[in-house]
Amino acid sequence: MVRILRACMQSLLKFVNSGNGMVGIAMILYGIWLMRAWQRHLGHLPYEGPSDPIPWFMYSFLGLGILLCVITCLGHIAAETANGCCLHLYMLLLFMVIMVEAGVTTDVFLNRDWAEDFPKDPSGCFDQFKHFIKSNFNICKWIGISTVSIQGLSLLLAMVLKAIGSRRYYESDDEYAPERLPFLKNALHSPTTCVIGDPVFPSKNDTWNKRTDDE
């Protein structure tokens with residue numbers, strides 16, 4: 001019963017964890033597209049040296065997508081092996097991502113001047129992303145809720161799988177019974193006989209008669 005439950009939890013964790021990978025891949029593709037657009041834009045501008053401001057938004061977006069893909073790979077390994085160390089590391093990284101997302105969301109909803117908390121983005125991608133969210137707020141809201149729900153469910157499934165434990169701790173004794181049965185059967189069918197009493201030694205006359213017959 002425990003093995004069946006563990007197999008179900010492993011399959012569910014793999015399935016839900018794949019949603020994090022899809023989100024990460026989408027973020028990587030969008031970050032690459034932003035970088036290509038920024039490079040084309042820089043081709044028409046003179047180079048001002050290393051003092052140019054760094055376009056932090058596209059790099060942050062790309063880095064977060066790569067982090068989600070790494071977490072997805074780690075989660076798949078943890079779900080396949082049910083290893084305690086992998087599950088702990090997976091839960092820690094996923095918890096940190098959820099906390100960052102929760103902090104940014106809280107700042108956006110509770111602070112009217114939340115845009116001032118972020119540095120200026122020279123590429124203008126941050127302003128475009130902000131306007132896109134405002135114009136498509138309902139769609140972006142449900143996308144954000146779905147993403148956080150997938151991450152929370154992945155964290156919950158990882159905790160349940162960690163509580164169940166690895167497969168080597170729940171091997172049934174029935175798997176080893178056939179190996180022990182032959183020895184038990186031999187021990188039952190060939191019992192040893194014990195004789196209780198005084199030892200019997202042959203007499204001297206019997207020994208003499210035996211020697212005479214041999215001669």
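Me: Over residues 89-110, how much of the chain is helix, and how far apart are the end C-alpha atoms?

Reply: Helices are DSSP runs of H or I with at least four residues, numbered from the N terminus. Over residues 89-110 the chain is 100% helix and 0% strand, with 31 Å between the end C-alpha atoms. This is a predicted model, where local features need pLDDT of at least 70, side-chain atom pairs count only at pLDDT 80 or more, and totals for chains, interfaces and linings use all residues. Residues are numbered from 1 along each chain as its sequence is written, and side-chain values use heavy atoms, with hydrogens and water left out.

Me: Which residues of α3 are buried?

Reply: Buried means under 20% relative accessible area, with a 1.4 Å probe and protein chains only. In α3 these are L87, Y90, M91, L94, V97 and I98. An α-helix has 3.6 residues a turn, so residues three or four places apart point the same way.

Me: What lies at the start of α3?

Reply: There, a side-chain oxygen of N83 comes to within 3.0 Å of the backbone nitrogen of C85.

Me: Which residues does UniProt list as "transmembrane region"?

Reply: UniProt annotations may be inferred rather than shown by experiment. The unreviewed entry lists residues 12-36, 56-77, 89-110 and 142-161. Over residues 12-36 the chain is 100% helix and 0% strand, and the end C-alpha atoms lie 37 Å apart.

Note on methods
Helix = DSSP H or I, 4+ residues; strand = E, 2+ residues; numbered from the N terminus. Buried < 20%, exposed > 50% of the residue type's maximum accessible area, 1.4 Å probe, protein only. Polar contact = N/O pair within 3.5 Å; in protein donor to acceptor, adjacent residues only side chain to side chain.
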